[in-house]
Amino acid sequence: MALQIHPPPREVIGQIRAAIEAALPCDSLDVSGSGGHFEIRVTSQAFAGKNTLAKQRLVLGAIAHLMKGDGAPVHAIDVLETIAP
């Protein structure tokens with residue numbers, strides 16, 4: 001079993017925030033977590049008129065690159081709240 005070393009949680013949270021903010025106009029964005037498991041809460045005008053699945057796909061698509069590969073810093077999104085203002 002190979003030992004996996006993950007970047008510090010603060011660094012990964014910054015990467016998640018930057019990726020979401022680059023993809024969506026955010027009225028508010030809260031990211032927390034560690035150990036590869038994170039919680040994300042986003043309020044965005046981009047969610048207006050979209051169903052839950054479509055809103056979640058926007059967020060998950062923005063961070064997909066952080067979830068790919070064996071050494072990915074993000075293993076799971078335990079909570080994903082997407083809110084239209």
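In which strand does Ser44 lie? I looked it up: Ser44 belongs to strand β2, residues 37-44. Helices (H or I, at least four residues) and strands (E, at least two) are DSSP runs, numbered from the N terminus.

**Ground rules.** I am reading a predicted model, in which local features need pLDDT of at least 70, side-chain atom pairs count only at pLDDT 80 or more, and totals for chains, interfaces and linings use all residues. Residues are numbered from 1 along each chain as its sequence is written, and side-chain values use heavy atoms, with hydrogens and water left out.

**Ser44.** I checked its accessibility and found Ser44 buried, at a relative accessible area of 0%. Buried means under 20% relative accessible area, exposed over 50%, and partly exposed in between (1.4 Å probe, protein chains only). I then listed what Ser44 touches, leaving out residues up to four places away in sequence: Leu24, Pro25, Cys26, Asp27, Ile83, Ala84 and Pro85. Contact here means heavy atoms within 4.5 Å.

**β2 and β3.** I followed β2 to its partner and found that β2 and β3 pair in the parallel sense over seven bridges. Two strands pair if DSSP finds at least two bridges between them. One pairing I noted is His37 with Ala76, its bridge partner in β3. Together β2, α2 and β3 make a right-handed β-α-β unit. Right-handed means that, with the strands pointing away from the viewer, the path from the first strand over the helix to the second runs clockwise.

**His65.** I found His65 in the loop between α2 (52-63) and β3 (76-83). Its side chain reaches the backbone oxygen of Ala62 at 3.5 Å.

**Salt bridges.** How many salt bridges does a search of the whole structure find? The search gives three, each a side-chain nitrogen of Lys or Arg within 4 Å of a carboxyl oxygen of Asp or Glu. I noted Glu21 with Arg17 at 3.3 Å, N to O. These two residues are four apart in helix α1 (residues 9-23), so about one helical turn separates them. Glu21 is partly exposed at 41%, and Arg17 is partly exposed at 28%.

Arg41 has a salt bridge with Glu39, the closest N and O atoms being 3.3 Å apart. Arg41 also forms one with Glu81, at 3.4 Å. The Arg41 and Glu81 pair links distant parts of the chain, strand β2 and strand β3, 40 residues apart. Through shared partners, salt bridges join Glu39, Arg41 and Glu81 into one network.

Apart from neighbours within four places in sequence, Ile40 is in contact with residues including Ile16, Ile20, Val59 and Ile63.

Terms used
A polar contact is a pair of N or O atoms within 3.5 Å; within protein, one must be able to donate a hydrogen and the other to accept it, and residues adjacent in sequence count only if both atoms are side-chain atoms.
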